[in-house]
Amino acid sequence: MATDIVMPRLSDSMEEGTILRWLKSPGDQVALGEELVEIETDKANMVYEAPGTGTLIEIVAEEGDTLPIGQVIARVGEADEKPSGEGAAAEREAAEEADDDRRSPSPVHGSAASQSSRVRAAEAPSALSPSFTSSTQRSAARRIATENGLDLSALAGSGPGGRIIKADVERAIAAGPAPVAPPAPATAPSPGAPAEPTPGARERPETAKGAVSHEGLTKLQQTVARRMAESKATAPHFYLSAEVDMTRAVSARARIKAEAADGDLVPSFNDLVVKACAIALREHPRANG
């Protein structure tokens, strides 16, 4: 009997985890306590050890997938055991529908119900294709496209309903970048015609420093941002300000700069402020609380 391996709770504040890397492949033997998968939590990247012994018969969550705690990520069982999860149940349902279709009368003499059954049986193989399966495949497609700088909106999906699946992204990467068509000859605008926008400006916004890119936050960065926002919203804040005469500090920095040789580091005004804070904290240690 296969045993489900679920997303573990690796920290007290962990609510979900991201599969970073599988250390075992389907068909590999797994021993109790052996490193199985690397998971990114809200605090660190941790290796999860196998909770039992057996053969890894199915990987449910692919690398890059984010799942809540308790969600099935893999299954361990006997070496000759078939997956017993949702995929296997769907395969059995499709086989039963196909068997009903073989026993049903021909479309000319069959009822509307039998025709509907045959349509479902005919559609079942494509809907249950291993390249599609579930949202885990779609998230894998998004992850691979992001890593390779591929625009998903430019791809044609081969999954059910035109969905873009992992195989579509891999084919696009293998095919390489699409050839760039030569620019059309410039034509003078007709008098009174409105100016056309720069080609590609709307699709790929540019800045003075180059193209804009978007990077996803790690679990640790997401947690830090959430905790800071919670602290700002729930804890009372007050601010102190003071005016400081920096005349002597300016003179001291100018003297140090004049005596410094080429290549020597000269302290900045920030360095002087940090030094002053260090001296004050040493004299008033309770202020550090």
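This is a predicted model: local features need pLDDT of at least 70, side-chain atom pairs count only at pLDDT 80 or more; totals for chains, interfaces and linings use all residues.

Trainee: What makes Leu220, Val224 and Met228 a nonpolar surface patch?

Mentor: A patch is made of residues with over 30% relative accessible area and no salt bridge, where nonpolar side chains (Val, Leu, Ile, Met, Phe, Trp, Tyr) are joined within 5 Å and like charges within 9 Å. Leucine 220 has a relative accessible area of 44%, and this residue lies in helix α5 (residues 219-234). The patch made by Leu220, Val224 and Met228 covers about 290 Å².

Trainee: Why is leucine 220 called partly exposed?

Mentor: Buried means under 20% relative accessible area, exposed means over 50%, and partly exposed lies in between (1.4 Å probe, protein chains only). Leucine 220 has 44%, so it is partly exposed. Buried residues make up 23% of the 289 residues in the protein chain.

Trainee: How many helices and strands does the protein chain have?

Mentor: There are 7 helices and 10 strands. Helices (H or I, at least four residues) and strands (E, at least two) are DSSP runs, numbered from the N terminus.

Trainee: How do you know which strands pair in the open sheet of 4 strands?

Mentor: Two strands pair if DSSP finds at least two bridges between them. β1 and β8 (residues 72-77) are joined by 4 bridges, β6 and β8 also by 4 bridges, and β3 and β6 by 2 bridges. The order is therefore β1-β8-β6-β3, with antiparallel pairing. β1 (3-6) and β3 (29-30) stand at the edges, each with a single partner strand, so one side of each has no neighbour in the sheet.

Trainee: Which residues stand opposite one another in this sheet?

Mentor: Valine 76 in β8 stands opposite threonine 3 and opposite leucine 56. Glutamine 29 has threonine 55 in β6 as its bridge partner. Strand β6 (residues 54-59) is mostly covered, with 5 of its 6 residues buried.

Trainee: What makes a set of residues a nonpolar core?

Mentor: A nonpolar core is a set of buried Ala, Val, Leu, Ile, Met, Phe, Trp, Tyr and Cys residues joined through side-chain atoms within 4.5 Å. The largest one has 17 residues, of which Ile19, Leu36, Val37 and Ile73 touch the most other members. β2 (16-22), β4 (35-40) and β8 each supply at least two residues of this core. A second, separate core of 6 residues includes Ile144, Ala145, Leu155 and Val169.

Trainee: Which residues does isoleucine 19 touch?

Mentor: Contact means heavy atoms within 4.5 Å. Leaving out residues up to four places away in sequence, the partners of isoleucine 19 include Met7, Val37, Ile39, Ala61 and Ile73.

Trainee: Why is the pairing of arginine 21 with glutamate 38 called a salt bridge?

Mentor: A salt bridge is a side-chain nitrogen of Lys or Arg within 4 Å of a carboxyl oxygen of Asp or Glu. For arginine 21 and glutamate 38 the closest N and O atoms are 3.2 Å apart, so the pair qualifies. Arginine 21 lies in strand β2 and glutamate 38 in strand β4, 17 residues apart. Arginine 21, at 43% relative accessible area, is partly exposed, whereas glutamate 38, at 16%, is buried.

Trainee: What about glutamate 34 and lysine 24, whose side chains also meet?

Mentor: Their N to O distance is 2.7 Å, so this pair too is a salt bridge. Glutamate 34 lies in the loop between β3 and β4 and lysine 24 in the loop between β2 and β3, so the pair ties together parts 10 residues apart in sequence. Lysine 24 counts as buried at 16% relative accessibility.

Note on methods. Residues are numbered from 1 along each chain as its sequence is written. Side-chain values use heavy atoms; hydrogens and water are left out. Accessible areas come from the Shrake-Rupley method with a 1.4 Å probe; for residues, only the protein chains shown count as cover.
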